[in-house]
Amino acid sequence: MRRRQYVPASGKEHMKYIKADREHVKRMGRHCQIGDTLWMAMSGSGIGMRFTGRHLEIPVRGGYVAEHGEPEGNYARVAVYVDGIRMLDEMIDTPGKRLVVVDREIPGTVEVQLVKLSESAMSVIGIEPMAVGYGDRVAPLPPRAHLVEFIGDSITCGYGVDDEDYTHGFSTATEDVTRAYACHTARLLDADYTLFSASGFGIISGYTDNPDKRLAEQLIPDYYHGLGFCRDRIPEGLNPTEMEWDFAELRPEAVVINLGTNDDSFCQDTLEKQQEYMESYERFLIDVRQCNPQAELFCVLGIMGQRLCPWMERACENYRQHTGDLRVHTLRLPEQDGNIGYVANYHPLERFHLAAAEVLAPYIKKTMNW
């Protein structure tokens, strides 16, 4: 007897459409629901679900950049995992893409995750109602025991980790947050994670190739209360940069702050600038604490240089003395070894991200008693 070939239904009469709401998916990272579409911008944001059935399509919508084109090709990069294996790796370079995740004749159950690999500064994505067959079921993945937030810059974003030519510059196509220290740390802790990070950003200055010129528009503290710094726009005309984030949505037990690498390009060895970094860092700690009253704070630095580490540590000590809040901890991360190599624009190889995670994860675990 000839085996019948399964052909996925395409008409509405054969399919049903499921929103990426809390009833059906686990929401990862900062997000915003607008109509039937779940929007996100930040690295590592996405959705997770347990799917039972034969056919699953996830429509991913781009923002203004995807609709009108981007000269440098810096579109959003997303990955889809099925049972922990990356099955799709896509650039959202058109207004919308339908990602066929499951398409088979025999029903089965799999765990599915969609993760935004690239950072918020360049692009947004929207998850529109997912198409499944009648009788198919979608349920959110259960939360892990712990949640960690990582606040950082290009290192946290996984800048250039897929491009081992240090002479190359930035590209969202070679940015993969899942290969960076933050995601590796979360995996070692068996924890969920949420990120707030942007390449080139700092506490008092973004990256500058002229120490006499402060880059004051690229400061993480100025944007921490939003959905994420973003030059893209949601098609409805909304700018994620201007959209307030509700900190009650996600309550991390630990917050890791890795900021200072870009500030160092401005501070250099100038004492006054280093002191300004220290004082501004302390003010940012106060803000982070107000937003995360129950979390332990972990301040780390050093993968791409350790000159500002003492000033980060002094900022934390001053904060503890001024506030009486002792739930702030410091750690110097191991510095990358340029003799072994770099990825794009002198950023760390994945092996150095792993080395940092192998120091950071045990420190968090011991401090938190996990």
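1. The axes of helix 6 (residues 271-291) and helix 7 (residues 309-323) come within 8 Å and cross at roughly 50°. That angle makes helix 6 oblique to helix 7; angles under 35 degrees count as roughly parallel, over 145 as roughly antiparallel, 65 to 115 as roughly perpendicular and the rest as oblique. The model is predicted, with pLDDT of at least 70 needed for local features and 80 or more for side-chain atom pairs, while totals for chains, interfaces and linings use all residues. Residues are numbered from 1 along each chain as its sequence is written, and side-chain values use heavy atoms, without hydrogens and water.

2. Axes are lines fitted to C-alpha atoms, for helices over the stretch in contact, with angles from 0 to 180 degrees between N-to-C directions. Helices (H or I, at least four residues) and strands (E, at least two) are DSSP runs, numbered from the N terminus.

3. The contact includes Tyr 181, His 184 and Leu 188 of helix 3 and His 353, Leu 360 and Ile 364 of helix 8. By class, nine nonpolar, three polar and three charged residues take part.

4. The largest pocket holds about 620 Å³ of space. On a 1 Å grid over the protein atoms alone, a pocket is an open set of points with protein on both sides within 12 Å along at least five of seven lines, a cavity is a set where a 1.4 Å probe fits but cannot get out, and lining residues have an atom within 4 Å of a point. Grid points are joined across faces, edges and corners, and a volume is the space filled by probe spheres set on the points.

5. Of the 28 residues lining the largest pocket, Ser 154, Tyr 207, Asn 262, Asn 345 and His 347 lie nearest its centre. Helix 5 (residues 261-267) gives the largest share of this lining, four residues. The lining has twelve nonpolar, twelve polar and four charged residues.

6. The second largest pocket holds about 500 Å³. Its lining has 21 residues, with Met 28, Gln 113, Arg 144, Arg 187 and Tyr 193 nearest the centre. Strand 8 gives the most to this lining, four residues. By class, nine residues are nonpolar, four polar and eight charged.

7. The structure holds one cavity of 30 Å³ or more. The largest cavity has a volume of about 40 Å³, and its lining includes Arg 30, Glu 149, Trp 245 and Asn 292.

Conventions:
Nonpolar A, V, L, I, M, F, W, Y, C, P; charged D, E, K, R; others polar. Contact = heavy atoms within 4.5 Å.
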